[in-house]
Structures are given as structure tokens and as C-alpha cells.
Amino acid sequence: MIRVAQATCDALGDEDDTLKREVLTHAGNRWSLGIVHALGAHGKLRHAELGRRLPGVTQRMLTRSLRQLERDGLLSRFDHREVPPRVDYQLTPLGRSFLARMVPLWMWLLEHAEDFRSARARFDETRGAGENPAKPPGSVPVSRTAAPEPVFARGKARDAKFGGPNEPSSNAVSHKKRPRPCGLRGK
């Protein structure tokens, strides 16, 4: 199975790899998954109905998620052209196919929920005691007082540190130099 998966990844061109990563973001996005699930469970819904079914989602995030899902062909939008505005959303066949493939992953997560909790408790207990199994005994502990810089830093500071369009940097990484695992290849 791993060989088949790797062969599939190796066969992806840059355009396919980019598309795969962009579409798979829906699988890791709580609002996109919530929207797909709500439409799958309840059929055609209006914007406000979707918002009520997704506690905590902002209007902006709901609208952004709906547009991206529509762009990727997972849902369709029907504007009734009425006043007040009335717009319905529903899953497309592609969206239903996406949902059908997510359900087994959800079931697997539920089946192994206690395993995840136990592993986290063991990890937290070990790390909480100041022990790090990856380091040999007697090694110097790493200070945790300085907060790490976010990977998603934006603007001039990010460009200066990571090499943006205006600032060359020795820290800039060229993704062309070495092959990356499937899903991690850059442009």
C-alpha cells in the first residue's frame, strides 16, 4: 500500500500536487468539514441555517469557507434573486463523494480516541516531569521561556527572516533542491 501511495505521489506534477494540497485543506479545516457534514446530513441549507448549525463560526469565515468549497466544486450555490436575498447551498456529487471518504476517517478517530488520549497523557506526564526520552541522560535542558516565532508570520519581518519578495535571506529555502515527501513539495 505504501509503495502504491508513493508511486501515486511521484506521478503528480507540480500543478496536481498544488491542487491536491489545496483541496485537502478542506479535510483539515473544521468549518469546511462542518459545512460539508451539515449539507450532507440536512440537504439544501441557507447561509443563516448553516451558521446556526456551526456554533462559533463567524459570518466572514462561513462566507470564505462556502466560497472555497464552491470554487472546488464540492457545493453549489443557488441565488433565488429575491429581496430580501435568499441563497441556498447544497452538496454536489463531488461533495457527497468527499463526505463519503471522510466518514471512515472519523470512524477510525472515534475507534482510537482512547488510544490518542492515553498517548497524550503519557507524553504530557513524561515531558511534564522534565524528562525528554529523545535526549540522553545528562543532556542540558532547553529553555522554554522564549516563545517560538510563528511559522505564519506576515509582512516585512517575515520577508526579512524567511526571504520574501523584497528581502533576500540566507534562511530562504529553495524547494527545488531536494525532493520532498508527498504533500510537502513546494512550487
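H3 and H6 sit roughly perpendicular to each other, a label that covers angles of 65 to 115 degrees, with under 35 degrees being roughly parallel, over 145 roughly antiparallel and the rest oblique. Keep in mind that this is a predicted model, where local features need pLDDT of at least 70, side-chain atom pairs count only at pLDDT 80 or more, and totals for chains, interfaces and linings use all residues. Residues are numbered from 1 along each chain as its sequence is written, and side-chain values use heavy atoms, with hydrogens and water left out. The chain has eight helices and three strands; these are DSSP runs numbered from the N terminus, with helices (H or I) of at least four residues and strands (E) of at least two.

**The H3/H6 packing**
- Helix H3 (residues 30-42) packs against helix H6 (residues 93-111) at about 110°, and their axes are 10 Å apart.
- Those axes are lines fitted to C-alpha atoms, for helices over the stretch in contact, and the angles run from 0 to 180 degrees between N-to-C directions.
- On the H3 side you'll find Leu33, Val36, His37 and Gly40, which meet Gly95, Phe98, Leu99, Met102 and Trp106 of H6; contact here means heavy atoms within 4.5 Å.
- Sorted by class, that contact has six nonpolar, three polar and no charged residues.
- In this scheme Ala, Val, Leu, Ile, Met, Phe, Trp, Tyr, Cys and Pro are nonpolar, Asp, Glu, Lys and Arg are charged, and the others, Gly among them, are polar.

**The sheet**
- The three strands make an open antiparallel sheet, ordered S1-S3-S2; two strands count as paired if DSSP finds at least two bridges between them.
- Strand S1 (45-46) and strand S2 (75-79) are the edges, each pairing on one side only.
- S2 is joined to strand S3 (residues 87-91) by five bridges, and the two run antiparallel.
- Along that pairing, phenylalanine 78 stands opposite aspartate 88 of S3.
- S1 and S3 also run antiparallel, joined by two bridges, with leucine 45 partnering tyrosine 89 in S3.
- S3 is mostly covered, with four of its five residues buried; buried is under 20% relative accessible area, exposed is over 50% and partly exposed is in between (1.4 Å probe, protein chains only).

**Two residues to look at**
- Threonine 92 lies in the loop between S3 and H6, and at 16% relative accessibility this threonine counts as buried.
- Leaving out residues up to four places away in sequence, threonine 92 touches Gly73, Leu74, Leu75 and Ser76.
- Alanine 48 belongs to helix H4 (residues 47-53) and is partly exposed, at 44% relative accessible area.
- Alanine 48 and glutamine 59 are 11 residues apart in sequence, and their C-alpha atoms are 8.9 Å apart in space.

**The chain as a whole**
- Read along the sequence, the pattern goes α-α-α-β-α-α-β-β-α-α-α.
- Of the 187 residues, 20% are buried.
- If you take contacts between residues at least 6 apart in sequence, 46% join residues at least 24 apart.

**Confidence**
- Mean pLDDT for the chain is 76, and 68% of residues reach 70 or more; pLDDT is the predictor's confidence in each residue, from 0 to 100.
- Among the elements, S3 has the highest mean pLDDT (96) and helix H8 (residues 155-162) the lowest (47).
- Residues 142-187 have pLDDT below 50, and beyond near neighbours in sequence this stretch has 37 contacts in the model.
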